[in-house]
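I want to see how two chains meet, and what one of them looks like by itself.

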Amino acid sequence: MSRTILTFAEIRNHELRQVAVESVSAAMKIANTIPSDIACCLLVQENTAADLLTRYAASLFAQGANRVYVVKHVSFAAYHAELYLSAVQQVVSATNPEVVIFGHTAIGRDLAPRLASALQAGQISDITAIQHVEGKLIYTRPLYAGKAVEQRVFTQGSTAPSVITIRPNNIPINTPDASRSGEIIEVAFAPPSLRTVVRDVVRKTSGALDLSEAKIIVSGGRGVKSAVGFKPLEELASVLNGAVGASRGACDAGYCDYGLQIGQTGKVVTPEIYIACGISGAIQHLAGMSGSRVIIAVNKDPEAPIFKVADYGIVGDLFEVVPLLTTAFREFLEHEV
Amino acid sequence: MNIWVLLKQTFDTEEKIVLTGGGVSEAGVKWIINPYDEYAVEEAIRLAEQHGGKVHLLSAGPERTGEALRTALAMGADEAVLIHDPRIPQDEWAIAKVLSAFLADQGADLILGGNFSVDHGAGQVAIRIAEQLGIPHVGSITKLDISSGEAIVHRDAEGDTEMISVQLPALFTAQQGLNEPRYPTLPGIMKAKKKPFKQLSLDDIPGISLQELGARTERVSLSLPPARQAGVILQGDLAAQAADLIRRLRQDAKVI
């Protein structure tokens, strides 16, 4: 019998997250040449339309998944640690996986360690690369928010599965193959008795792209000067279909929510393009964004440390430069289409 | 209320990382309470001030961790326990196993920890402890209120806020925004010197066997990421620089 690799297919705002697709790609990478059955665990709201479900499953099959286990419950629209854990445990029991893969997201970070402990399993978190070296599976992950990098392995000898969380935007995906199909299996779910109740969810970010998954980030620092000062950055981000981030300085000064903070405290991001506006470049901020593919810095101070890591620097007032960039990008993108 | 806080000592976030002999050099490094654990300490002290009770600190780590524990005692915690034993492997499964074996007998009403540590950043240990102890948890909280055996918390989920009520005993991990940690006062620092401070080894913890502590994962290599090189500072008037930037992103970097 071939072994099973299980991935958690996370849904956010009724869309399959990109990291859910990356998790299937990670499973393919782990499987390598050994025949493996790639199963996905999909938790959806009770009344999810059949065609939506089919669409979720199709994206997972196109990446290489063989089976999608669907668990339905009225309360799956919002994350509920106890309910989600119980549902995933039922899928784990049904599939007996050797490896369980989550995205390193708000849900994955919360769920994976709890599952790992319940399974007496080890876990390697926040993985950015997976390699096979001399028959060993080696997982790369950042330390100190990326100031150092370690490679870890699961030790031999434990029969428990390996649990991993992968950092969004880092595991490359394969070209989707729409001709692939698979099996959708619905799992009957008996919810446990609950000690926690989710009373309400305030969606401040409805529709907005999460920083960890954004391909382009426009980020502001103390130089933005006020909450209103973020407006031009938001406009630029919107033209680029990107997300807005901030430095610790801007958050501490109260210009924006801590949820936007990028750095060693806050989020670590790895977008294709990172545009730092009015950010001087403290070490703790650099740790959070140095993994970006291209860094653009806009700062009045030509001596700002951010220019030492930036691929392209513009020395100038961000309130002049950012609107110019917005116009220039808008024109460029209109031309493209 | 019997409150326990999980605490780790970490490098200051402004420290650069230098490697020596296959490990991270600790020479001349400034140590701090892991910033997320500091929010947990502060919240615990506030809760004890409001509702009465004791704040206990728990850490597993080298002897230098004592410094961070003393700082937290100076902030206002009542007692500290440091489990120091080189036989504990650097693996979250094993560390959580040790800490939960110790906590199992402590009758905690509330356990608080940080959302993650700014050094290893795996974010596993606290949540694993909740599972091992069989109590509910909520991760990444920005608000915590306690009334009649129940906690009402706000959980930060990538910018969204989830309001959750939880029966105690329970475990919570602190996210930035939960509170503004106080600085230790001079009288606080003096008092901290006389507060109970226990250092334990694995032999002092009942119900833990070395076999059970076998690491599930291990490090095989450690390196520094490739250093980024400074690129070009664009020239000309600002509108021309904007156009130049787009051309370079398109032709050189090929990202648009």
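I started with a rule: two residues are in contact if their C-beta atoms, placed from the backbone, lie within 7 Å. By that rule, the contact takes 79 residues from chain A and 70 residues from chain B. On the chain A side, helix α4 (residues 106–118) gives the largest share, 8 residues. I noted that helices (H or I, at least four residues) and strands (E, at least two) are DSSP runs, numbered from the N terminus.

Before going on, I wrote down that this is a predicted model: local features need pLDDT of at least 70, side-chain atom pairs count only at pLDDT 80 or more, and totals for chains, interfaces and linings use all residues. Residues are numbered from 1 along each chain as its sequence is written, while chains are lettered from A and ligands numbered from 1 in the order in which they are written.

Next I looked up strands across the two chains. Strand β13 (residues 196–202) of chain A and strand β11 (residues 160–167) of chain B run antiparallel, joined by 6 bridges; strands pair if DSSP finds at least two bridges between them. V197(A) sits opposite S165(B) in β11(B).

Last, I checked confidence. pLDDT is the predictor's confidence in each residue, from 0 to 100. Chain B has a mean pLDDT of 96, with 100% of its residues at 70 or more. For the model, I jotted down ipTM 0.96 and pTM 0.95.
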